[in-house]
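Here is a friendly briefing to keep beside the viewer.

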Amino acid sequence: MTVTSPAVTVAAGPTGLNRITADDDLFFKLHSLYPNALVNQLAYRFDTPVDRELLARWHAHLATGFIARRVRTTRFPIARPHWEPATESLPLRWSDAPVPEDEVLDWFLAQAAVEFDPERGLVWQLAGAPTESGGTVVTLVASHVVCDGGGMMHAIVDSLDRLARGERPDRATSAGRLVGPVAGAGRFAADLADARGQLRAVARGIKAARRAGGVREPARNPRPAQPRLPHADTWQAPDAIVQLDLAEWERVAAAHGGTTNGLLIGVAVGLLGRSGRIADGAEVRVDIPHSLREADDPRANATTGLPIGVIYRDGVRTDLPAVRAALKAAGLAYRDPATIPAIQHLQPVQMLLPKAVLHRFARTAKAPECLCTNMGRTAQNIAVLGGHRARAVIMRPVVNPGPVELFRQVEVGVNLAFSCDDDTVTLVVTGADPDRFPSRAALRELLAAEFAEWALTPRFW
């Protein structure tokens with residue numbers, strides 16, 4: 001599920017507590033319905049041994065950093081919960097058993113299966129293991145309740161920088177200082193003030209929604225009922241990790257009148273159509289997360305979504321100039337409240353909904369048919385851990401195993417996450433439709449065909 005918020009979202013309440021955003025609230029409530037269905041993961045492959053003691057020191061920095069936070073609920077149903085620093089964390093998970101090179105992807109997936117507890121602050125876990133080739137694999141997973149991609153990146157950069165400088169773990173001087181104060185004796189008055197503020201936000205949101213009643217977003221395509229392949233009751237969405245030369249990626253994008261981001265979307269739409277999920281001539285709704293994070297931003301989730309419509313043509317590469325124009329138009333639209341869809345303005349109303357009502361809506365909600373996340377040149381900023389430079393860095397959302405019928409019900413399609421350094425593109429692809437992407441081998445075959453259409457040279461993990 002993608003969650004979007006208008007640029008006017010503010011986390012802090014009138015008393016200075018770090019109140020949760022509408023996005024945080026939605027992920028927090030859905031956590032009780034679909035625990036840990038979607039988590040953020042950072043994954044490393046090192047060619048050198050990284051010892052457990054180094055990871056333990058990084059763990060200590062993370063435990064006092066930006067994602068070391070817990071949700072503290074309020075005394076008033078209308079007042080928003082707020083963030084407080086977490087005083088406990090899940091321990092470092094270390095395995096002495098070497099991981100075979102051909103099982104690295106499965107090991108990464110296994111580390112994402114963590115039971116989180118946002119109210120206790122058990123919301124992230126660091127893990128590591130040696131590989132049979134003499135290297136090391138490391139992964140950090142975090143609940144989407146406590147961070148989006150930008151929030152996780154902030155936590156990682158800050159903790160790695162402090163580790164490299166030999167500083168001691170300290171919440172007061174690290175990014176952990178942004179999490180928020182612990183509510184004291186004035187909490188009752190603070191919650192009462194925030195409840196009043198939320199009622200005013202509801203009134204403003206309803207007025208804005210009425211004014212934006214004519215704004216329309218691209219529609220998603222219904223999921224075809226057939227074929228219906230045989231699967232076990234619990235299903236794991238297949239994923240693929242691909243690396244390509246950045247120079248080649250940029251050259252191909254430019255040759256077809258597009259940008260780096262446009263080519264990502266073009267590949268995604270082609271993959272979706274190639275799978276048979278959408279018909280020739282259909283307009284695909286592509287959701288693009290866009291960070292609203294600012295300097296010293298205390299928010300856990302600070303992301304809006306830019307939806308665009310992209311036409312799929314069977315046997316024809318996606319029109320990249322059209323994608324570029326659609327992206328520009330979507331960006332301009334989301335700068336003006338008058339052209340933001342009404343549902344976005346109603347987020348204060350959403351926060352008032354009790355968990356039971358939200359659960360009822362969630363059971364009929366639909367996931368994105370095509371989600372494309374471009375994290376840009378982030379890999380080079382976090383590639384060094386205690387003097388060890390990673391051969392590859394991955395940032396991605398992980399779709400954990402779940403009931404196969406749930407994947408069909410929410411009609412999820414494909415998720416693509418793009419990151420790069422100065423030389424290499426790393427693309428993480430998840431095909432979450434059990435009847436179009438039944439296995440990793442099937443996903444990889446479709447991807448290889450789409451890359452060949454663009455004359456791209458992929459290197460699959």
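P227 is found in the loop between α5 (187–211) and β7 (234–235). In this predicted model, the peptide bond leading from Q226 into P227 is cis, with omega near 0°. That is worth a look, because most peptide bonds are trans.

**Backbone: positive phi angles**

- D296 has a positive phi of about 55°, although D296 is not a glycine.
- You will find D296 in the loop that links β9 (283–291) to β10 (303–311), and its relative accessible area of 49% makes it partly exposed.
- A455 is another non-glycine residue with a positive phi, near 60°.
- The loop between α13 (440–453) and β18 (459–460) holds A455, which is exposed with a relative accessible area of 56%.

**Confidence**

- The protein chain has a mean pLDDT of 92, and 97% of its residues reach 70 or more.
- Over residues 1–11 the pLDDT stays under 50, and the model has 40 contacts for this stretch beyond four places in sequence.
- Where pLDDT is low, the predicted coordinates should not be read in detail.

**The five-stranded sheet**

- Five strands form an open sheet in the order β4-β5-β6-β1-β14, and their pairing is mixed.
- At the edges sit β4 (93–94) and β14 (392–399), each of which pairs on one side only.
- Strands β1 (residues 38–46) and β6 (residues 136–143) run antiparallel and are joined by eight bridges.
- R45 has V137, in β6, as its bridge partner.

**Helices on the sheet**

- Helix α2 (residues 52–62) packs on the sheet and touches β1, β4, β5 (124–130) and β6.
- The direction of α2 makes about 170° with that of β5.
- Helix α3 (residues 104–111) lies across β1, β4, β5, β6 and β14, and it runs at about 30° to β6.

**Helix α4**

- How far apart are the end C-alpha atoms of helix α4 (residues 149–164)? They are 22 Å apart, which agrees with the 22 Å that its 16 residues should span at 1.5 Å a residue.
- The buried residues of α4 are G151, M152, M153, A155, I156, D158, S159, L160, R162 and L163.
- Those buried residues pack against β1, α2, β6, β12 (384–385) and β14.

**Cysteines**

- How many disulfides does the model have? The count comes to zero.
- C370 is buried at 0% relative accessibility, and C420 is buried at 4%.

- E119 has its place in the loop between α3 and β5, where it counts as partly exposed at 41% relative accessibility.
- Leaving out residues up to four places away in sequence, E119 touches F28, R70, V71 and T73.
- E119 and R69 are 50 residues apart in sequence, while their C-alpha atoms are 8.8 Å apart in space.
- Is G135 buried or exposed? G135 is buried, with a relative accessible area of 3%.
- G135 lies in the loop between β5 and β6.
- Apart from neighbours within four places in sequence, the contacts of G135 are F46, D47, T48, A129 and P130.

Technical notes
Residues numbered from 1 in each chain as written. Predicted model: local features only at pLDDT ≥ 70, side-chain atom pairs only at ≥ 80, totals over all residues. Heavy atoms only, no water. Pairing = 2+ DSSP bridges. Helix = DSSP H or I, 4+ residues; strand = E, 2+ residues; numbered from the N terminus. Contact = heavy atoms within 4.5 Å. Axes fitted to C-alpha atoms, helices over the stretch in contact; angles between N-to-C directions. Buried < 20%, exposed > 50% of the residue type's maximum accessible area, 1.4 Å probe, protein only. pLDDT = per-residue confidence, 0-100. Disulfide = S-S within 2.5 Å. Expected span 1.5 Å × (residues − 1).
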